[in-house]
Amino acid sequence: MSDIRGLRPSHRAGHQPPPARGRHRRRWSATVLLLGVPAIVGPYLLLSQPRSEAATVDATAYYRLISVHSGKALDVAGFSTADGALVDQWTDQDTANQQWQVKPTSDGFYELVNRNSGKALDVTGAATTKGATVQQSSVSGSASQQWKIGDTAGGTITLTSRNSGELLDVKRHSGANGATVEQWPSNGGANQQWTLVKVSGTGAAPTAPSSPSSSASPAASSGPYTWRNAEINGGGFVDGLVFNPSRKDLLYARTDMGGAYHWDATNKRWIPLTDWVSSKDANLLGIESLATDPVDPDRLYLAVGTYTSSWAGNAAILRSTDAGRTFQRTDLPFKLGSNEDGRSMGERLAIDPNNHGTLYLGTRKNGLWRSTDYGVTWSQVGSFPVNGGASSGVGLSFVTFDAAHSGTIYVGVADSGTSLYRSTDGGSSWQAVPGQPSGQLPQHGVLSGDGSLYLTYGNAVGPNGVTAGSVWKYTPNSGRWKDISPSSGNYGFAGLAVDAQHPSTVMVTTLDRWWPSDEIYRSTDGGSSWTALGATSVRDDSAAPYEGTRIGHWMGALAIDPFASGHVLYGTGSGIWTSADVTASDSGGSTHWTVGAHGLEETAVLGLIAPPGGASIISALGDVSGFRHVDVTKEPSSALSGPLFNNTTGIDFAQSSPAFIVRVGTGGAQHGAYSTDGGSTWSPFTGVPVPGAAGGTVAVSADGATVVWAPAGQSPYRSTDKGATWSAVAGLPTDVLVAADRSTAGVFYSLSNGTLYASTDGGRSFTARTTGLGGGQLKAVPGIAGELWIATGSGLLHSANGGTSFAKTAADAVQSAIGIGFGKAAPGTSYQALYLTGTVSGVTGVFRSIDAGATWTRINDDQHQFGGLGGVITGDPDVYGRVYLGTNGRGVLYADPS
């Protein structure tokens, strides 16, 4: 058990005029002219951007206040909406609890009102003493809630309390998440200086440059990095959606391999909670189950563990007392399998509503476990009759408590014989529930407010392979079972939700009804009759156009808002759909659905390219082909198609002719394609190297004349006619990666089994140049002939002569390297900026070098490790400082210096 502080809101096996380039949010610095009290509500605070580009701030807008010292945002702890909640600093996530309205009061003073809570920034107890903490309080107009905004010589601002005359200050110059914000006498420190950053889409937007000035000095771009997702909105399996029953708008999502998320209801976006998971703990990024405390809503529990295989690490319970902001960890002596079959069953983790310090966890291989101390320690429930995987191999499928009868617990077991057990004595003894159906496996079990237990079943664990299923209702008082299936066919049922306000209202989803599509059913009479919602639903996919307007697939997660009966969400294999008017169907009306996955990014990234002068990035993804992002802050209009792949395994562009791009993959009508317009449109290769060629890797020469494709399981082939005809490449083994020289047309390289091979005849043949290099990632530097880098497990290797020889760079610092990428050189330098994932001086992270690898600066932090750092990384060729990172479950990330 260990304490994890400061946590904040794979390639998947088997899932398997336009804005200027480099556009990103500007950090607005302020020169303040206090003009007195405005006569009307409107712009009142004049700011000056860097380079004297004027902008205004008005009372209708919201702003983030970023500490000049730490780069972190002024934040209300734990997303709290309560009076007295402390204000601290936290990683800038642009969440509602980090957004403030700056409202004029009188005599040049202002109130700062939090967007999430509607409460004002206040000095605790209206104290005038130095070091008094700062909190949020209901707006009262008191002097302790009024602040004077002052200018600094650096163009940022200070905030001085009207009550005490002291400044808003981060305690002890801390750079840590959660550091206390207090009042303190003026000392001129950067911890008393703040930058106002306007929240996109609020108030009158200032006009900002779309990218950093190329004339900016290196020092100006050396601050903390801000990490964001390139907008895709979904892309992976959302297999759990859980509302807290006692706090409005408290909602969580779990994913099979991309972590857990907290819903920001104000901003309508998901906040990742598990980005702190490191490479060594990557197995913990898969969320097997999730439980939110009905008694103390600030308590959140995650049962984490991605695989049950022998090579996977053991599972853990992550415990939070601040709604997922920070966690403590209890390691478990067994494994969980969030990315294995049966992953949308559940919830397997449940809290006793009558004794909320008691939790139960149903496992896949190890029976039923219990904690009686808020999840700190766990022991197996020896009296439970199933201790292994049951007939399905996936063990227990759900745990649920009867809140009206203390000590009554139901546990579902994925067993075709006996699949439902009950205890009425708090888990001391268990009995199979009499009369239960057999031959199918329970997916979900939910107790209604009227005491009825509803269950969905399939004849396989899912999410694939289900060819039969049913929905049942059990009435404990009478012991009666009733088949209430809304339909029947070659499919099962999975998603299940009951309306907390209307106990007879229940909804279910089908599972694996591939034709004509899956379906959502709704009943308002306890399952006696059902309404199918699919045909009458109106669906808007504009937030993720690649989704299309079909209902979706793998619909194992379904939830009805306990505070708003019309608000319903369900998860799919590629995201979330949500509706606010589901109750309209009860009177024959249409329901309206939108993609509800904003901020939730779960793609597995297999490759990234950033061609100069064109799109920001083009991604090669598992499950959803990939995307061309012109603007990383906006979702693309479609996935890469023509052909559309399930998995894009390789992608490359011609350095001297970057509009020519090639990609290869699996799962489409064809397995290779090229583009001549920078990835906007694609044409399939009309020929194949060998029958069935698919997947693998691809490279294109600097001039675009030659394509070299190494299909999976094959040695490479080359084409000089855009894939119409192919000829075998000589001198290379199978399954190799070939890289083109980024300057000299016709020159290629390959690294295999520690040997560097080179071709100078357009890829026709390769010969060995250097041996003993070990395995790793080989990359060629743009603009310099023969300039190569290899990221290896023992460090970073560099060659300036086309691989004839290599030298170890920064041997004492770079201990291991996973991936290497290149971006625009820093101002005043000529060599490409290098971006590295690996371990430098004992620290694993993302690093940047502006001196050809002699020295390195870490540009991520412990809160941004994303479940492990792989080898997919590249810099931006047009914007110095920007980096793109591909993850195994957290999508495509980009970062700019703050």
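Is Arg 247 buried, exposed or partly exposed? Select Arg 247 and look. This is a predicted model, and in it Arg 247 has a relative accessible area of 31%. The cut-offs are under 20% for buried and over 50% for exposed, so Arg 247 counts as partly exposed.

**Stop 1: Arg 247 and its partner**

Now colour the chain around them. Arg 247 lies in the loop between strand 17 (238-243) and strand 18 (251-255). Asp 298 lies in the loop between strand 21 (287-292) and strand 22 (300-304). The two residues are 51 residues apart, and the pair links distant parts of the chain. Asp 298 is partly exposed too, at 25% relative accessibility.

**Stop 2: Arg 858 and Asp 862**

Select Arg 858 and Asp 862 next. Here is another salt bridge, and its closest N and O atoms are 3.2 Å apart. Asp 862 has 46% relative accessibility and counts as partly exposed. Arg 858 is partly exposed as well, with a relative accessible area of 26%.

**Stop 3: a buried pair**

Move to Arg 882 and Asp 896. This salt bridge brings its closest N and O atoms to 2.9 Å. Arg 882 sits in the loop between strand 69 (873-875) and strand 70 (883-886). Asp 896 belongs to strand 71 (residues 892-897). They are 14 residues apart, and this pair also links distant parts of the chain. Are these two residues buried or exposed? Both Arg 882 and Asp 896 are buried.

**Stop 4: a network**

Select Arg 64, Asp 92, Asp 94 and Arg 228 together. Salt bridges with shared partners join these four into one network. How many salt bridges does a search of the whole structure find? The count is 23.

**Stop 5**

Strand 62 (residues 788-792) pairs with strand 63 (residues 795-799) over five bridges, in the antiparallel sense. Finish on Thr 792. Opposite Thr 792, in strand 63, stands Gly 795.

Definitions and conventions. Residues numbered from 1 in each chain as written. Predicted model: local features only at pLDDT ≥ 70, side-chain atom pairs only at ≥ 80, totals over all residues. Heavy atoms only, no water. Pairing = 2+ DSSP bridges. Helix = DSSP H or I, 4+ residues; strand = E, 2+ residues; numbered from the N terminus. Salt bridge = Lys/Arg side-chain N within 4 Å of Asp/Glu carboxyl O. Buried < 20%, exposed > 50% of the residue type's maximum accessible area, 1.4 Å probe, protein only.
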